[in-house]
Every structure is written in structure tokens, then in C-alpha cells.
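Let's walk through how two chains meet, one question at a time. Have the model open beside you as you read.

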Amino acid sequence: MKVLVAVKRVVDFNVKVRVKADGTGVETANVKMSMNPFDEIAVEEAMRLKEAGTASEIVVVSCGAQACQETLRTALAIGADRAILVESAAELQPLAVAKLLKAVVQKESPKLVILGKQAIDDDSNQTGQMLAALLGWPQATFASKLKIDGEKAQVTREVDGGLETVSIKLPAVVTTDLRLNEPRYVTLPNIMKAKKKTLEVLKPEALGVDVSPRLSTLKVIEPSKRKAGVKVADIKALVEKLRNEAKVI
Amino acid sequence: MAVLVLAEHDNKTVKKATLNTVAAAQKLGSEIHVLIAGHQAGEAAKAAAQIAGVKKVLQADAPHLGEFLAENMAALVVSLAKTYSHVLAPATSNGKNVMPRVAALLDVQQVSDISGIESADTFVRPIYAGNALATVKSKDPIKVITVRTTAFDAVPASGGSATIENVAAPADSGLSAFVSREVSKSERPELTAAKIIVSGGRGMGSGENFTKVLEPLADRLGAAMGASRAAVDAGFVPNDWQVGQTGKIVAPDLYVAVGISGAIQHLAGMKDSRVIVAINKDEEAPIFQVADFGVVGDLFQLVPSLVEELKK
């Protein structure tokens with residue numbers, strides 16, 4: 001079966017982001033960008049399905065600026081077969097991305113779409129669920145285990161109270177949680193090979209999707225900082241502070 | 001127009017997250033209706049009718065709603081949403097699972113995890129693991145919202161006298177089925193509702209040490225137990241203990257971080273706690289930058305002596 005994986009280019013998780021002085025957003029110029037960590041897990045999961053003989057082809061898709069090609073090349077270096085960039089310089093919000101992915105899914109007819117559960121930039125946690133809704137497909141979010149069983153998938157999900165297992169009919173959308181797998185490192189030979197793989201570029205207009213944003217950002221500010229407290233000498237002093245100063249115990 | 005709140009419940013009782021969400025709904029200044037979608041959830045509906053400030057409880061009861069599957073839940077919410085100005089749910093794993101599906105079916109851009117309400121169409125939400133706060137304005141006719149529960153003080157669970165109205169549930173989608181659930185059983189308070197949390201990190205070294213060293217402290221304080229991602233990834237404790245950007249967001253009165261270095265994604269989940277205590281052997285650990293009280297030293301000596309000191 002064909003598996004489609006959606007990936008997003010985000011500020012690297014190790015970067016300490018800075019709010020722009022004019023309050024319009026977060027500084028992204030000259031900042032290291034990487035594949036969203038949850039999406040890396042999604043690509044890895046697709047690879048494992050392929051290595052197990054379950055998946056026949058892996059198509060990676062990204063929506064965004066031209067620079068997303070880099071992110072797609074990384075996914076190709078992990079082992080995806082080909083890539084599609086839906087190129088747009090505009091701000092793409094989750095609903096717009098879900099609509100673009102729906103159009104790509106209708107072109108490609110995969111049996112499974114895997115996405116990260118959330119992107120670590122806007123922390124929205126929406127795109128997978130929205131894509132499933134627009135396609136009328138079932139969804140299994142926050143997956144920590146995925147088993148394909150003929151025309152169904154059995155997915156264990158990380159939920160508030162522990163773990164929950166659902167069975168979903170294919171085609172379906174799955175979003176990844178942290179413990180689904182540990183992504184492999186890309187090797188130099190695979191980076192070289194990735195350069196030769198196909199990367200197709202599409203435009204939102206060609207897919208007939210209106211991507212105009214529904215939310216406008218009025219301002220972005222830094223949250224009020226917590227004042228660093230004091231280091232106390234020993235446990236006795238700590239308990240004294242907690243009892244008499246903070247009065248929390 | 002009224003505001004609809006999708007309740008978090010277990011068919012018997014209403015979870016505290018619902019009370020925080022009703023508190024957020026109150027800031028919108030309209031009549032509040034609460035939806036109890038479940039199976040044999042009469043008790044939960046009665047409890048919801050007691051919540052202060054709630055005017056009406058809608059109860060949808062069907063076997064295929066009993067496990068809160070996103071496909072069936074979203075179809076139900078969409079069937080009701082058109083007469084509301086706002087649909088709110090807590091940003092719990094259920095809320096996060098169901099609401100984007102609702103939003104997409106209504107052709108609405110959801111506003112996730114709001115921590116503030118400026119007006120009926122303008123909301124504040126954390127981005128980049130809480131390292132920035134964005135104020136966003138929605139143009140959509142219906143606002144679909146998930147609420148960061150720690151940002152809104154719960155309304156009282158009693159004092160209200162809402163009417164309960166039955167609503168019909170759309171048929172089972174048949175797309176998904178519930179198989180099983182592994183619930184972590186614990187006598188302790190729920191992590192997101194606890195007043196005190198004792199949390200352990202990689203420095204704990206093993207799951208056994210959580211039991212031997214940290215549990216006595218949690219017992220002493222009547223605290224819930226949490227963990228950093230590193231401790232969960234290492235397999236020391238189950239996934240639902242994880243506090244952080246992608247785990248649970250907590251804001252107890254007292255948060256005791258033991259052997260936790262304080263990675264950005266962990267701080268994102270607990271920095272709104274009222275008082276933070278850090279115990280760590282590395283005095284340079286970033287956790288000390290947010291801690292009100294820090295003790296530098298070996299946790300395997302400090303934690304047992306803390307338990308002893310608390311007995312005095």
C-alpha cells in the first residue's frame with residue numbers, strides 16, 4: 001500500500017526562540033530550521049512499514065515556502081521514495097494545510113496518511129484531525145503503536161489516563177506521539193541518493209484550494225518571566241520556607 | 001447566541017477540566033450550555049446541571065458515544081454547533097482529538113489551547129512551547145476553541161440548576177471501534193487536578209527509584225506524581241505521567257522537581273505552578289532559573305531527609 005507522510009519545516013527544537021521587538025512574531029531569520037520532530041517520527045514509521053513489506057511506496061508532502069524542499073530532502077534521505085512540495089509564500093494555517101493535503105491525497109490515493117501530532121512552532125495539534133474530517137476518514141491521533149492488519153489498522157494511543165487502543169478502517173489518518181519509534185540517523189550515502197529522487201512542486205491554485213488565513217495575529221509577546229528564586233542551604237531551610245514563607249504545606 | 005461546552009466526563013462524573021472550560025466560557029458573556037455525550041451518562045448529566053453558571057445541559061446518549069471516538073463525537077457536535085457562537089472544549093486528549101475534526105467539518109480554523117480571552121473573537125494562546133504568547137483574532141462565524149485548563153480558575157461544581165435536554169446522536173460512523181484501554185490505576189490525585197505534584201526526571205535513574213525514593217514524598221504530601229519526558233522515554237514511568245509541552249500542562253500550588261534538569265519543553269508544562277521547588281545535583285541546571293526554592297545535592301539523600309523533615 002502507498003503511504004503518504006506530511007512534514008513541516010519548523011524552528012529547530014534546540015533553538016531558544018526570541019520574540020521580535022515589534023511584536024509581530026518570532027524571529028526566524030538566521031535561525032536553524034529542521035523537520036518537526038513528530039514528523040520525523042512519522043517518516044520513520046512509514047519506513048518501518050516499508051521494511052516490513054506492508055508499505056510499497058512512501059510519498060512525503062510539505063506545504064510552505066520553497067525552503068521546505070530541504071525538509072523534504074531530509075525525508076527522502078531517511079528513505080521516502082518521492083516528495084511533493086505545495087509551494088506557497090503565504091502564511092498557511094492548519095485548516096489550509098489540511099485542505100491542501102486533502103487535494104494531494106485525492107491525487108495520490110494513499111491508504112494511510114501519517115503526520116506528527118503537532119508542530120512545535122504553533123503547537124496547534126489540528127492538521128491530522130482536520131485532514132481526516134475533510135476526507136471522511138477515521139483518525140487515530142497520538143499513536144504509540146501502529147499495526148496494519150489487512151483492511152484495518154490497530155492503533156494504541158497515548159491519552160490522559162494511560163493508553164487506549166482503537167481499530168480503524170483503512171484508508172485512515174494516523175498522528176504520531178513521541179514513543180511510536182526512535183527515528184534513525186540519516187547517512188551520507190542516503191543524503192546523496194536523496195538528491196536524485198523526484199521532488200514535484202505544486203501550487204495551491206493548481207489544487208483549487210483557497211489558503212487565505214482565518215486567524216489574524218494581532219501581536220506576539222514574551223510571557224512574563226518567572227523570577228528566579230533562591231537556593232537554600234539544606235532540607236531544613238527548604239521546609240521552613242515552604243511552611244512559613246510560601247505557606248504551601 | 002449561546003456558548004456550547006463539550007464536557008470531559010467518564011459517563012458518571014464530570015471532570016474538573018469541564019469546570020475550567022465553563023469558567024472560560026463565562027468570560028464570553030453569553031448563556032452557557034454543556035454537552036454530555038456518552039453512554040448511560042445520566043449521572044454525569046445530573047452533575048453537569050449542578051455546575052455554577054450553566055443554563056442548559058444537552059445529553060446525547062448512545063452506545064457508540066460511550067468511548068468518545070472522535071468520528072462519532074465530532075458528527076454529534078457538528079449537528080448541534082450551528083446555533084452557537086462558540087464551541088469550547090478543554091485541551092485534554094479527548095478535546096484535542098475531537099475539536100479539530102469539528103472545526104474542519106464546519107470549515108472553521110480552530111483556536112487551540114487558549115490561555116486568555118480578550119473579546120468574543122480575540123484570544124491569547126501560547127506558541128513555541130509557551131516561549132511566546134500570540135493574540136489572535138478569528139474571522140470565522142463559529143469559534144471552535146480548546147481551552148488550556150490551568151489558565152482559568154474552575155467554577156464551583158455546585159450551585160447551578162440547569163435543565164437537562166436530550167438530543168439525538170447521529171448514527172455510528174462505523175469508521176472506528178474501541179478495542180481496549182490500559183488505565184494507570186492510582187490512589188493519588190489526578191495530575192492535572194492536583195494541588196501538589198512531585199515529579200521526577202532522568203536523575204531518578206530507574207522506575208524502582210520512583211517507587212522507593214519519590215513515592216514516600218508524594219505520600220507524605222498527598223501529591224500526584226509526574227515525570228519529565230526523559231524519565232518516560234527511559235521507561236521509568238508510564239506515558240500519562242509526562243509533564244511538558246507535549247504532555248500534560250499543570251499548575252499546582254506546589255511543584256517539586258526532583259532530578260529534572262529543566263528542558264524548555266518540560267518548563268512549558270509546569271512554569272505556571274504557584275511555587276516550584278527544585279532538587280538537583282547540578283547547580284547549573286536550568287530548572288533553578290524557574291524554581292522559587294532550590295536545593296543542590298544528591299536527590300537520593302535529600303529526598304529521604306525531606307520526607308523525615310516533613311514528619312516533624
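Two strands pair if DSSP finds at least two bridges between them, where strands (E, at least two residues) and helices (H or I, at least four) are DSSP runs numbered from the N terminus. This is a predicted model, in which local features need pLDDT of at least 70, side-chain atom pairs count only at pLDDT 80 or more, and totals for chains, interfaces and linings use all residues. Residues are numbered from 1 along each chain as its sequence is written, and chains are lettered from A and ligands numbered from 1 in the order in which they are written.

Q: Which residue of strand 16 of chain B stands opposite A:Val230?
A: Start with the strands: strand 13 of chain A pairs with strand 16 (residues 293–296) of chain B in the parallel sense, over two bridges. Within strand 16 of chain B, the residue opposite A:Val230 is B:Phe293.

Q: Which strand of chain A gives the most to the side that touches chain B?
A: Two residues are in contact if their C-beta atoms, placed from the backbone, lie within 7 Å. Chain A brings 64 residues to the contact and chain B brings 72. Eight residues on the chain A side come from the top contributor, strand 9.

Q: Is helix 6 of chain A parallel or oblique to helix 8 of chain B?
A: Axes are lines fitted to C-alpha atoms, for helices over the stretch in contact, and angles run from 0 to 180 degrees between N-to-C directions. The axes of helix 6 of chain A and helix 8 (residues 299–311) of chain B come within 9 Å and cross at roughly 50 degrees. Angles under 35 degrees count as roughly parallel, over 145 as roughly antiparallel, 65 to 115 as roughly perpendicular and the rest as oblique. Helix 6 of chain A is therefore, relative to helix 8 of chain B, oblique.

Q: Which strands are the edges of the open sheet of four strands?
A: The order is 12(A)-8(B)-7(B)-6(B), with antiparallel pairing. Inside it, strand 7 (residues 122–127) and strand 8 (residues 132–138) of chain B share six bridges, and B:Phe123 has B:Val136 as its bridge partner. Pairing on one side only marks the edges: strand 12 of chain A and strand 6 (116–119) of chain B.

Q: How many residues of helix 2 of chain A are buried?
A: A residue is buried if 20 or more other C-beta atoms, placed from the backbone, lie within 10 Å of its own. Those in helix 2 (residues 68–78) of chain A include A:Cys68, A:Leu72 and A:Ile78. Of the eleven residues in this mostly covered helix, the buried number is eight.

How values were computed:
Buried ≥ 20, exposed ≤ 12 C-beta atoms within 10 Å, placed from the backbone.
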